[in-house]
Amino acid sequence: MPRISLSGFTDPARRPRYIIWTGALVLGFAAFVVVAMGVTSTRWFCSNACHKVQDDTIIAYGRSTHSNVSCMACHMPVNADPITFTLHKAKALGELYLTVTNRYELPLNPGSHLAMDGEHMPSEQCTQCHSMGTRRVTPTKGIIIDHDAHIEEGVTCTTCHNRVAHKEDFELTLKDPRSGEPNRKHPDFMKMDSCFRCHSQADAERPPGDCLACHPKDFELKPANHDPANFVRDPGEGRAVHAVMGAEDAARVASATADAHGEEVRPAVSERDGEGLDILPLSEVSYCGTCHDKQEFCNDCHGVEMPHPAGFEKGHGEAGKKSPDVCANCHTSEGRVTATSTEFCNACHHKDGDPTKPWIPQHFVPVRAKGASACFDCHDPVFCARCHVRGIQ
């Protein structure tokens, strides 16, 4: 086996050959790098060779208005110098390894976090083609958008337009190689609830969420899912639609917040650190809160904090003392306390009676046995007067 020695460069007889072969090797390697850089920057390589793991992303790309724009135009820094270009390629080798060994997880780029990365996806990636100074903006009917105001606040294009080149309006095809679970679609930040990652109905420190700031006066503000006749109150024994929606929304947000922050509770007024935008994860955005200040809108209507906070049952008697109709508003089919109501409270508070029958007609039996003072554990003395003095209201 021939030995490779640098001594040839010091030997006058062998030096010319060493210089020639070294030069040839350097030129050959440079040619290989140039060709490799070019090949790995083509759409073919991105979609068919390296990134088969991104089949769903490539399908979405092919269906978009950007399908004739090269991948590198958006995913490589604008006017990148050779060193930046090379480092970008070197970093991608890690992704290639995960692809070849089937060690990747789906979905890739979960939560569209790259769209929120101002360093990876600054507005220059878009404005190199789209000039906001000359571009005619055509928002969806019923939407008012002030791009200049957002640009001044440092909102990058993909903070909102995250799926513009990869809109997932089809059934995804891939499965996670580890779990076998189907690939999940990415959030679309062009939906209304995504606006409330920044905007708020309740937090004065955040951009306003007033409806007329984004919708014209003739826009129908009430969504279609509020149209059912039982949305506000269910005439039967079931729960009103808004109650089910509100409870599910509150539970989802509480779960997402707990997963993200543990036992820490996000402050009512978010603090800005001066290092970029103060943006909530989409999972922590309340659907109901996009239109309503829940603390005021829900609580003012119900007369008690809604949804009930943890530990509410320990002190909920105070609400019942103020007005039993506060509880009856949700927990009786009539929406008020009546002589025929099978009251929600009976199961816990009126165990002396028959829980399958209305409480009022039978309440005098335990009252005679225990005395009227037993009632005052939950009710104010004037509560009895509503029926016994003035008659049932």
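Modeller: Let us begin with S112, which is found in the loop between α5 and α6; helices here are DSSP runs of H or I with at least four residues, strands are runs of E with at least two, and both are numbered from the N terminus. This is a predicted model, in which local features need pLDDT of at least 70 and side-chain atom pairs count only at pLDDT 80 or more, while totals for chains, interfaces and linings use all residues. Residues are numbered from 1 along each chain as its sequence is written, and side-chain values use heavy atoms, with hydrogens and water left out.

Biologist: What is the phi of S112, and is S112 buried or exposed?

Modeller: Most residues other than glycine have a negative phi, and most peptide bonds are trans. S112 has a positive phi near 55°, and its relative accessible area of 1% makes it buried, a word that means under 20%, with exposed over 50% and partly exposed in between (1.4 Å probe, protein chains only).

Biologist: Where is P107 found, and is the peptide bond from L106 to P107 cis or trans?

Modeller: P107 is in the loop between α5 and α6, and the bond that joins L106 to P107 is cis, with omega near 0°.

Biologist: What is S123 in contact with, beyond its neighbours within four places in sequence?

Modeller: Contact means heavy atoms within 4.5 Å, and S123, with those neighbours left aside, touches V155, T156 and C157. The side chain of S123 also reaches the backbone nitrogen of C157 at 3.1 Å. S123 lies in the loop between α5 (82–100) and α6 (124–127), and is buried at a relative accessible area of 18%.

Biologist: How many disulfides does a search of the whole structure find?

Modeller: A disulfide is a covalent bond between the sulfur atoms of two cysteines, and the criterion is a pair of cysteine sulfur atoms within 2.5 Å. The search finds zero. For C198, the closest cysteine sulfur is that of C160, and the 7.3 Å between them is too far for a bond. C211 is likewise in no disulfide, the nearest cysteine sulfur being that of C291, 5.2 Å away.

Notes:
A polar contact is a pair of N or O atoms within 3.5 Å; within protein, one must be able to donate a hydrogen and the other to accept it, and residues adjacent in sequence count only if both atoms are side-chain atoms.
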